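Hi there,

Here is the structure I promised to pass along. Have a look at it first, and my notes follow below.

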Amino acid sequence: MTIPPDPKHPGRPARPERTGPASASPSDQLTDAPDEDRRARITWSLIAEPGDSVALMARSVCGPAEALSLAREGTDSDLLSRLGGTLPADAAAPSPGTQTLRARRALGRWRARLASVDVEAVLEEAGRRRIRIITPADGEWPMPLDDLQATAPHCLWLQGPGTLGTLVADRSIALVGSRASTPYGEDAAGSFGADIAVRGGTVVSGGAYGIDAAAHRGALAVPDGATIAVLAGGLDRLYPRGNTEMLERIRERHLLVSEAPPGTAPTRWRFLARNRLIAALSHAVVVVEASWRSGALSTARLADELSRPVGAVPGPIGSAASAGCHRLIRERGAVLITEPADILDLLPGGPASGESGYAVQDELDLLSPADRRVLDAVPPRSSLSRARIAAEIGFDPAEVEAALARLCLLGLVEMTGELARRARSAR
């Protein structure tokens, strides 16, 4: 079947029609149309790593069901031929190898898991834990994930009462940073998270120690504040354990999200793959505090590739904990963030941040240059005549008289006959 082009995105296939209730249990969802596509996507999430580029390519080119048939019964030549003869290289592979070797390795790792995976048992366990599954055919599937195109997840595993598509539809903002955070960074993340929640936005982060946890807690401190934790492992094992209480609160009030099925342990490469979901589910990404090689920088890079605005919070110039933020500002043009209004400015169609909240304006800012010069000529602790002021600054006496009249109305100058002096309140 030929998929028609998406009229909103020329050159991109149209989104499949979404069917089935978002609240259906995993087992129920397998009976909804299209059954074969849904089952294949769930199976792919069980047998392929989130960052398996060959699996993602096969699913994108062939469709989930046909790609799964290749994984089960095809030869390396079949896989190569169906994918155009060129497979992406895995940077973590022992050696790049030939195209045939890449195909053989891919089939080998998929079949090893196919031989041991029990889809029904996983679905039964997910249902028992109230973990539901969504695919692009479901109404809850978030539109922003379409920007990942071929690298979009096979499916998502969700736990919590929130609706993912709704939570990230408008004002979702990722607040990310280092696990080894400082009190300065945690205070900034908590303040920003609370402010975003108060303004009706959704805080997206990874549930980790440090900046992630501070951002989530800031949002949770707001009675109706929304936040999503995107985890790198299965939702049946909350990680890190030290954040279990916080993650349970997110699960009770909002939503936990993962592309990894239950039983999957969080690992470094899964964290890095997870970062693309955080970037895609957000309309803007702010790195609050990050060291020179922090993993949070990969989220910022992925956001930039997805055309998401990126902001970074500066820290003390001698702080190694903020070196990555400074690097983003200097090398990648990240927007410098110092207060919540700056974050709103990142949102597409959002209000301009305007002047900083630290800006203080008084009547002196309203003076014309000429009036300011006359005011500067009036001594702070003595009096001076109009004629003397005119001679001092080279103005016409009539111009000085008019200026002094305006300054008197503003309460900056007091006149006693011909003598002008600063008003007490203006000293």
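How many cavities of 30 Å³ or more are there? The count comes to three. Please keep in mind throughout that this is a predicted model.

The largest cavity holds about 40 Å³ of space. Its lining consists of Leu231, Ala232, Gly233, Gly234, Arg237, Tyr239, Pro266 and Phe271. By class, that lining has five nonpolar, two polar and one charged residue.

H6 covers residues 99-114, and helix H2 (residues 35-47) packs against H6 at an angle of about 105°, with the two axes 9 Å apart. H2 and H6 are therefore roughly perpendicular to each other. From H2, the contact uses Thr43, Trp44, Leu46 and Ile47, while H6 brings Arg109, Trp110, Arg113 and Leu114. Sorted by class, the residues of this contact are five nonpolar, one polar and two charged.

Helix H4 (residues 64-73) also packs against H6, here at about 90° and with the axes 8 Å apart. So H4 and H6 are roughly perpendicular as well. On the H4 side the contact has Leu68, Leu70, Ala71, Arg72 and Glu73, and these meet Leu107, Trp110, Arg111 and Leu114 of H6. This contact has six nonpolar, no polar and three charged residues.

Cys155 sits in the loop between strand S3 (132-134) and strand S4 (156-159). Is Cys155 buried or exposed? Cys155 is buried, because its relative accessible area is 0%, and the cut-off for buried is under 20%. Setting aside neighbours within four places in sequence, Cys155 is in contact with Arg41, Ile42, Ser45, Ile133, Ile134, Thr135, Trp141 and Glu259. One of these, Ser45, is 110 residues away from Cys155 along the chain, yet their C-alpha atoms are separated by 6.9 Å.

The other one is Ser322, in the loop between strand S10 (310-312) and helix H14 (323-331). Ser322 counts as buried too, because its relative accessibility is 0%. Not counting residues up to four places away in sequence, Ser322 touches Glu289, Ala290, Gly315 and Pro316.

Finally, some overall numbers. The protein has 427 residues, and buried residues make up 50% of them. There are 18 helices and 14 strands. Among contacts between residues at least 6 apart in sequence, 71% join residues at least 24 apart.

Notes. Residues numbered from 1 in each chain as written. Predicted model: local features only at pLDDT ≥ 70, side-chain atom pairs only at ≥ 80, totals over all residues. Heavy atoms only, no water. Axes fitted to C-alpha atoms, helices over the stretch in contact; angles between N-to-C directions. Helix = DSSP H or I, 4+ residues; strand = E, 2+ residues; numbered from the N terminus. Parallel < 35°, antiparallel > 145°, perpendicular 65-115°, else oblique. Contact = heavy atoms within 4.5 Å. Nonpolar A, V, L, I, M, F, W, Y, C, P; charged D, E, K, R; others polar. Buried < 20%, exposed > 50% of the residue type's maximum accessible area, 1.4 Å probe, protein only. 1 Å grid on protein atoms, 1.4 Å probe; cavity = no way out; pocket = protein on both sides within 12 Å on 5 of 7 lines; lining within 4 Å. Points joined across faces, edges and corners; volume = space filled by probe spheres on them.
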